[in-house]
Amino acid sequence: MITTRDLTKRFGNVEAVREVSLDVREGDRYGLLGPNGSGKSTLVRMLLGLVYATSGEISVLGHRIPRQASRALPEIGALIEEPAAYPHLSGRANLRLLDAAGPHGARRTRRRRVDDALEQVGLAGIDRRPVRAYSLGMRQRLGLAAALVRRPRLLILDEPTNGLDPRGIRDIRDLLVGLNDEGVTVFLSSHLLPEVSALCTRIGVLDSGMLVLQDQLASLQQPTGRVLISTDDPERAVATLDGLVEHRDGADLVVRSPDPAELNARLVGAGVPVRSLVVQRRSLEEIVLDVTGTGSDQFGVPASEPGGTVKAEPPPSAGGAPARPADAALPASADAGPPASEDREIS
Amino acid sequence: MIAVELFKLVRRVRTWFSIALMCALPLVVAIFIAVTHLAPPPGQGSAFLSAVLDDGQLYPAAALALVLPVFLPVAVAVVAGDSIAGEASTGTLRYLLARPVGRTRLLVAKLISVTTFTLLAVIAVTVTSYATGVLILGPSRAAAVGGGGISGSIAPGDNGLPTAGLQAGAGITSLSGAPLTTLELVERVLGAMAFITVSMLGVAAIAIFLSTLTDSALGAALGALATLVASEVLVTLNAASVVQPYLPTRYWLAWIDFFRQPIFWRDIQRGFGIQAVYVVVFLAAAWANFATRDVTS
């Protein structure tokens, strides 16, 4: 759906994007991650033909960008950084206007398509208020509706849940997963790891304009071979699992074992009350922070030193502190990876 | 895309507010003249104003002469300066281009929209000032005419024709003194309206070009106005006579030639020509810049 080869963009002396070769396959929910200023927006704009590459190639939906952009773009719904609308017109008028401005927007179906898109994003009951009276969340939803009006095959969304409240974020996530099930490929860029972790099947990570990582999220989150156990009787647990316990912090143990079921059976057999037993996986946060440096909005740390001040600790030592915002903040999504249900509490 | 641009134009409050302002100025002037009966003496003040006390039907011409030097170019520069820069600063430009709307198409649609705005303004001024002229200043009072001449000071002085001190005769009178039938007057007013609209296209093209250079609509509008002010200064400067034939405002007043008998075409044709050159040059520059530019707004 999207392939780039050695894509480079220089603004003056600044290399915003450096030799990026990414590929987004049909049916993917692809999350492009990276610190602020890592080149995400520039990359998105290049995919849409708004910014011209200095060198390299882009192909979107089989069309070369920017030369054949007029063929690819009608099948793409896009949210480019913030949503934008004519403030003196209503949301509906804005969607109709944008639809009428370009190709593939049949006038006959316009009213229905606009209404459908508004309903999809939860703005079905919107009145004739001008957009200038909209809240941030409403604008964001309107921007998403604008991307959906022509029922695109590919969605390219830059920070799609920006400005939404938790319920709004979940609504949009459900919407995107639903569209994806119907065959729409979703490409989104974000710096919100929980959002990407809950939604995406594949991720790419940009750092200082370079694509430093691109893989299936599930394979990045393979079990680490450790199990996190919480018990009311840590002494007896340590004794039972003699030699396997790597680290103990009060009632929480980090145990080296590839087989959580066997571990559980041993503990239960020894009469140890197990409160929770979780297969340890690397969180998306650890994965991303491992491969990225500081963002462009941070100064005082040499940019060339990957990791900088926020570099994640390696998994063994991190095991002692199981609080991981990236995972903890979110309910398990069935789509986060095939064995997703297994890595949750099974006490 | 053109329909979309026109829709945006007519749904903007600014469009109607600026047109209302342009119509209000001649109205205020007419009220003062009607109350005081003090029209500027022939040869002074704005064109045609000295004649309107004698014949209210001439007031559209006087009104156009009133709005032409400042109001109209300012309004056109504001609308045209906003064309690309305004879309860029509200962020809608990137969505239009990703819709996709071709960049060339967008520029052409913007020029058409600005032209439509100018035409609307000129028509509105003409129609309202005709009503003003007839209602406030009264219809033709041929009997009262003594020496209602038309200002010659603002007419191009190098055309070799007598331009000042012309006598107003019975009925509606041309600048050259010969009477005009109503049909002729209508034709000439239409001609003048068309010429004035075209005269604004040069400003519009300059403002659109500047609008592709910046995300500041105000900057683009002021830049275009600065060009016009410079041009106006040079037009009156003898030392600059070398460049005068190429200045965008050089033939702005040639529309007055429509009210001569017979119509004096030379400056009118040159006016059309110079505006065409400005439109072609600046639209080409706008296109060259816009089509190759990174849209980062």
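Strand S4 (residues 29-33) of chain A runs alongside strand S10 (residues 202-207) of chain A, and the two pair in the parallel sense over four bridges. Two strands count as paired if DSSP finds at least two bridges between them. Strands here are DSSP runs (E, at least two residues), as are helices (H or I, at least four residues), and both are numbered from the N terminus. Within this pair, A:Leu32 stands opposite A:Gly204 in S10(A).

Before going further, please keep in mind that this is a predicted model, in which local features need pLDDT of at least 70 and side-chain atom pairs count only at pLDDT 80 or more, while totals for chains, interfaces and linings use all residues. Residues are numbered from 1 along each chain as its sequence is written, and chains are lettered from A and ligands numbered from 1 in the order in which they are written.

Now step back to the sheet around that pair. In chain A, six strands form an open sheet with mixed pairing, in the order S7-S8-S9-S4-S10-S11. Strand S7 (76-79) and strand S11 (210-216) of chain A are at the edges with a single partner strand each, so one side of each has no neighbour in the sheet. On average, neighbouring strands of this sheet are turned by 15 degrees against each other, direction ignored. Axes are lines fitted to C-alpha atoms, for helices over the stretch in contact, and angles run from 0 to 180 degrees between N-to-C directions.

Which strands do the helices lie across? Helix H5 (residues 136-148) of chain A lies across S7 and strand S8 (154-158) of chain A, at about 165 degrees to S7(A). Helix H11 (residues 284-291) of chain A lies across S4, S10 and S11 of chain A, at about 35 degrees to S10(A).

Next, look at helix H3 (residues 91-101) and helix H4 (residues 107-120) of chain A, which pack at an angle of about 125 degrees with their axes 10 Å apart. The contact between them (C-beta atoms, placed from the backbone, within 7 Å) is made by A:Arg92, A:Leu95, A:Arg96 and A:Asp99 of H3(A) and by A:Arg110, A:Val114 and A:Ala117 of H4(A).

Finally, turn to the partner chain: 22 residues of chain A are in contact with 22 residues of chain B. Helix H2 (69-72) and H3 of chain A are the elements that give two or more residues to the side of chain A that touches chain B. H3(A) provides the largest share of that side, four residues.

Technical notes: Contact = placed C-beta atoms within 7 Å.
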